[in-house]
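Trainee: Could we go through this model together? I would like to begin with the domains.
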Amino acid sequence: MTETENNITILGIESSCDETAAAVVRNGREVLSNVISSQIDIHTVYGGVVPEIASRLHCENINGVIRLALKEAGLGFDGIDVIAVTKGPGLVGALLVGVSEAKALAWALHKPLVGVHHIEGHIAANYITHADLEPPYVCLVVSGGHTHLAVIRGYREFELVGRTMDDAAGETFDKVARAVGLGYPGGPKVDRASREGDPHAIEFPRGEVRDHPYDFTFSGLKSAVLNYINMAQMKGEEINTADLCASFQKAVVESLVSRTIRCAESFGIRKVAIAGGVSANSTLRESMREACEAKGMECLYPEPVYCTDNAAMIASAAYFEYLDGVRDDAFLNAEPNLKLGN
Amino acid sequence: MKILAIESSALVASAAIVEDDLLKAEFTVNNKLTHSETLLPMLESMTKIAGISLEDIDAIAVSAGPGSFTGLRIGAATAKGLALAAGLPIIRVSTLQAMAYSLSLISDDVICPVMDARRGQVYSAAYRSGAVLLEEEARDIHALTAALNECVPEEDSCFLFLGDGVPVHSETLAAEIQGDVAFAPAGLNRQRAADVALLGSVLYTKWLQKNGINAADVRSRGADNIDCFDEAVMNSDDFAPEYLRKSQAERELEDGTLEDAGRHSLKKMQSGLIRPEKAETR
């Protein structure tokens, strides 16, 4: 299939943090392959992502990952119409590997190049899982580095209405997980530990940002959890990890869900989506679904494999950019601090 | 036989094409732009002006390191992308050896490329008449002068230094080296892709001869169908830079100074998940 038959097949490349990924996606929604080489076991030893190690591994693995993505899609480079790559935000050294590789491929193959915003990729992951999803909808983007609330007006029109004033939601999970000795990565570990715990055991605060109804703050919650642990340690009391995780997680999830529903209601939008690594959190998914059902809204989230960093979401987002005429050239650079909606 | 070379190990970004031992094109910039902004636009312009396309190229030579970690990776990923797309082999060329290559053909001096590696260290090696006197290594500058004095004990030896470590350490070199000290002139004292291409061409020719094949064979079969690759000429999948240094976190883990991430200390918990990139670029 080629572009002339109205099909656009995109090779996506993602290397913004600790996953080297490549995928082939047709027309923004049909995933032909989705290869992810995770470095998580290596970084776990260090208690977090080490940027230099991540960048080195990207450089070693990237060709093998791209090759596998093509093979699993049953295509050669001649079956690819567009090369897409995450240009930011992310770790600069890690981003540069993907960007340099993608630019070289596009130039050598005489294919158009599209640089993609990582967060727009996460949002686009919902187009893969939900074939009929169309804007407008409200999207909560939550990951280790991001907590954004956006009104998605069109495929390329993002109105950022809320964000975190301090830590990202996923970052808070990681810090709490570290504090209670669960280790890295925090999100899945806290989620698992919570299943055995009582979410009402400990009353943690839900931070509100005055006069900013859609913004988030987690620093007060984080301090409360750390203080609780310190107090318990000073008194020589044993901490019930499951109860602590469940109570903490409930506080985070309630903050996320309440702002999202509030936003959808005031903007008069009946569709709510979640995206990003934390959208794989089972409690967040359940709570958001219940809250949406109570308001008669539709609740959407990607399949777990498209929640964490992947290249299929990058190829999907690139499709809508490409249709809109977006083309990057040989000067494309990594933008570690790229903002959403510009 | 045409070799395309990429050099981005330090401040200089450079690309070149040689045909056998003839330099056909070279594009070198030394400015503050990142290599990610310069390298591919340079390749685009250079090939266009030289009238040579990637389809004419037999292999990609890369300055493999040591050098700036990020710079090396931009060059490596660019080369890997080109080689993957065009089915070409990659020739691994030592950055230091390439720097010394042209000078070693015209001089019997000890040629000593010195790259500033920060923290009082240099990436360096020493060559004379094509032989390796000192292996490439990250050394303290005083360790380098001591090693050079030891391996070349004759008082009348001549040492020719080049590289961006020279302006940083010229006084130390002049004071501590026993023998004549000279510094390469401006046109020969920084990395250039022409040297990478010329040395790459020599390495590629040796590899072809060793395996009894010719360049046209490799090009028509494509790199993916070649099974006699080695550490000098390889499939693009297997190429990675030679950093000569581990990451800071790996060094800390080895010598036991890495913070115990699991310990319940408030200060550490608040220090954030992502370890800061402590200017770890060299």
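Mentor: A word on terms: the domain bounds come from an automatic or database domain assignment. Please also keep in mind that this is a predicted model.

Trainee: Which domains is chain A divided into?
Mentor: Chain A has domain 1 (3-124 + 307-323) and domain 2 (135-301). Taken over C-alpha atoms, the centres of domain 1 of chain A and domain 2 of chain A are separated by 28 Å.

Trainee: And how many residues of each are in contact?
Mentor: 13 residues of domain 1 of chain A are in contact with 18 residues of domain 2 of chain A. On the domain 1 side, α1 (40-44), α4 (118-129) and α10 (312-323) each supply at least two residues. α4(A) gives the most to that side, with four residues.

Trainee: What is that side like by class?
Mentor: The side of domain 1 of chain A that touches domain 2 of chain A has five nonpolar, six polar and two charged residues.

Trainee: Changing topic, how many residues do chain A and chain B bring to their contact?
Mentor: Chain A contributes 45 residues and chain B contributes 40 residues. On the side of chain A that touches chain B, α3(A) gives the most, with 12 residues. By class, that side of chain A has 24 nonpolar, 13 polar and eight charged residues.

Trainee: Now V209(A): where is its place?
Mentor: V209(A) is in the loop between α6 (186-194) and α7 (219-235) of chain A.

Trainee: Why does V209(A) count as partly exposed?
Mentor: Because V209(A) has 16 C-beta neighbours inside 10 Å, and partly exposed lies between the limits of 12 or fewer for exposed and 20 or more for buried.

Trainee: Which residues is V209(A) in contact with, leaving aside neighbours within four places in sequence?
Mentor: V209(A) is in contact with M165(A), D215(A) and T217(A).

Terms used. Residues numbered from 1 in each chain as written. Chains lettered and ligands numbered in written order. Predicted model: local features only at pLDDT ≥ 70, side-chain atom pairs only at ≥ 80, totals over all residues. Contact = placed C-beta atoms within 7 Å. Nonpolar A, V, L, I, M, F, W, Y, C, P; charged D, E, K, R; others polar.
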